[in-house]
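Please read the numbered points with the sequence and the model in view.

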Amino acid sequence: MAKLLEGKVIAEAIKEKIKQEVALLKARPVLASIQVGENAGAASYVKSQAKVAEALGIEYQLHKLSEDTHEAHLIDFIQKLNANKSVNGIIIQMPLPQQIDYKKISQYILPEKDVEGMHPQNIGKILFGKAKILPCTPAAVMELISASGVDLYGKEVVIVGHSEIVGKPLALMLLEKFATVTVCHIGTSKAGKLEEHVKKAEVLIVAVGKAGLIKGSLVKEGAIVIDVGINRVADKIVGDVEFEAAQLRAAFITPVPGGVGPLTVTMLMRNLVEAAKAQS
Ligand code: NDP
């Protein structure tokens, strides 16, 4: 039976360190959060971010803009936050209304204040192994693997999902640790090759958003399974991996919820403190 990699528990230890670093800063660090329109998902992220920020001594400023906000107005708003010296980090809540292109907008955040680690300059630094601000979810995945105590050097790591916020940056971060990385995506599935890759994974990371996509019986004996997926099925939150069956085969597995999620918020706060330190 696999041991649980509980993000909640791991996050507590990291939060203690963050608190100590906050206490050493001259001024209370400030995270500006922009929410455009009303959306249940965004509202729930905001709530949990605000709660964690408060517990860590971080000021969380929520800026709510109306659903019909134009891109130009949002860019102007971001630039004002960029120029505001008391603001250390900026986050844009997802999802955004249709008229706003996240990729375009996110580039207007100063790289020094990009606490989501998604500015091209920060993403580019990952390629050279020089990033101080890492994208939050991939950083959370790396912390979970590290908590297992397993060394990634030479390991067969398979990532399912190649999104810009999870799979792609994570592949670069794993290469930095000398893992042998395979990235699967819709093309892999359509070619009927997903199973063969999953079966060989010593570390399996799934970030797709499809409940039950990975059958537990495919998980390699003794593998580490990190399930990033979040799916609502009949009033329950589940991941992308069949948890019960996978737990019988893996050595370590993340629960959903309580795995990657709580650590992702913690990584956001860690980035904010890094940003505040660099700015001072
Ligand atoms: P995206 O929709 O951006 O990416 C999903 C990826 O899965 C794409 O690369 C897509 O390929 C691929 N994919 C889709 N179907 C298949 C398939 N049948 N086989 C293999 N690959 C497939 O999602 P995100 O990366 O934003 O999020 C993924 C999941 O992780 C979601 O459930 C999300 O809610 C969750 N999440 C959780 C976080 C946390 O903190 N716990 C944070 C961020 C995300 P293609 O694009 O080519 O179709």
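1. How many disulfides does the count come to? The model under review is a predicted one, and the count for it comes to 0 disulfides. The rule behind that count asks for a pair of cysteine sulfur atoms within 2.5 Å. Two cysteines may be inspected individually. Cys136 has a relative accessible area of 8%, and Cys184 has a relative accessibility of 0%.

2. The domain assignment divides the protein into domain 1, residues 27-110, and domain 2, residues 136-261. Taken over C-alpha atoms, the centres of domain 1 and domain 2 are separated by 29 Å. The reader may wish to keep these bounds in mind in the points that follow.

3. The packing of helix H1 against helix H2 deserves a description. Helix H1 covers residues 7-24, and helix H2 covers residues 40-56. Their axes lie 9 Å apart and meet at an angle of about 60°, which makes H1 oblique to H2. On the H1 side the contact is formed by Lys15, Ile18, Lys19 and Val22, and on the H2 side by Val52, Ala55 and Leu56. Sorted by class, the residues of this contact are 5 nonpolar, no polar and 2 charged.

4. Ala23 also belongs to helix H1. With a relative accessible area of 63%, Ala23 is exposed. Between Ala23 and Ile205 there are 182 residues of separation in sequence, and their C-alpha atoms are 35 Å apart in space.

5. Ile123, Ile126 and Leu127 of H5 touch Pro169, Leu172, Met173 and Glu176 of H7. The contact of H5 with H7 is made up of 6 nonpolar residues, no polar residues and 1 charged residue.

6. Which residues does His197 touch, leaving aside those up to four places away in sequence? They are Val158, Thr182, Cys184 and Thr188. His197 itself lies in helix H9, which runs over residues 194-200. Its relative accessibility is 18%, and His197 therefore counts as buried.

7. At a relative accessible area of 38%, Lys104 is partly exposed. Not counting residues up to four places away in sequence, Lys104 touches Glu71 and Ile75. Lys104 and Ile75 are 29 residues apart along the chain, with a C-alpha to C-alpha distance of 9.4 Å.

8. The backbone calls for some attention. Most residues other than glycine have a negative phi, and most peptide bonds are trans. The peptide bond from Met94 to Pro95 is cis, with omega near -5°. Pro257 sits in the loop between strand S11, residues 252-253, and helix H11, residues 260-279.

9. Where is Phe178 found? Phe178 is in the loop between H7 and strand S6, the latter covering residues 180-184. Although Phe178 is not a glycine, its phi is positive, at about 65°. Phe178 has a relative accessible area of 54%, which is over 50%, so the residue is exposed.

10. Ala234 occupies the loop between strand S9, residues 231-233, and strand S10, residues 236-238. Is Ala234 buried or exposed? At 73% relative accessibility, Ala234 counts as exposed.

Definitions and conventions: Residues numbered from 1 in each chain as written. Predicted model: local features only at pLDDT ≥ 70, side-chain atom pairs only at ≥ 80, totals over all residues. Heavy atoms only, no water. Buried < 20%, exposed > 50% of the residue type's maximum accessible area, 1.4 Å probe, protein only. Contact = heavy atoms within 4.5 Å. Helix = DSSP H or I, 4+ residues; strand = E, 2+ residues; numbered from the N terminus. Nonpolar A, V, L, I, M, F, W, Y, C, P; charged D, E, K, R; others polar. Axes fitted to C-alpha atoms, helices over the stretch in contact; angles between N-to-C directions. Parallel < 35°, antiparallel > 145°, perpendicular 65-115°, else oblique. Domains from an automatic or database assignment.
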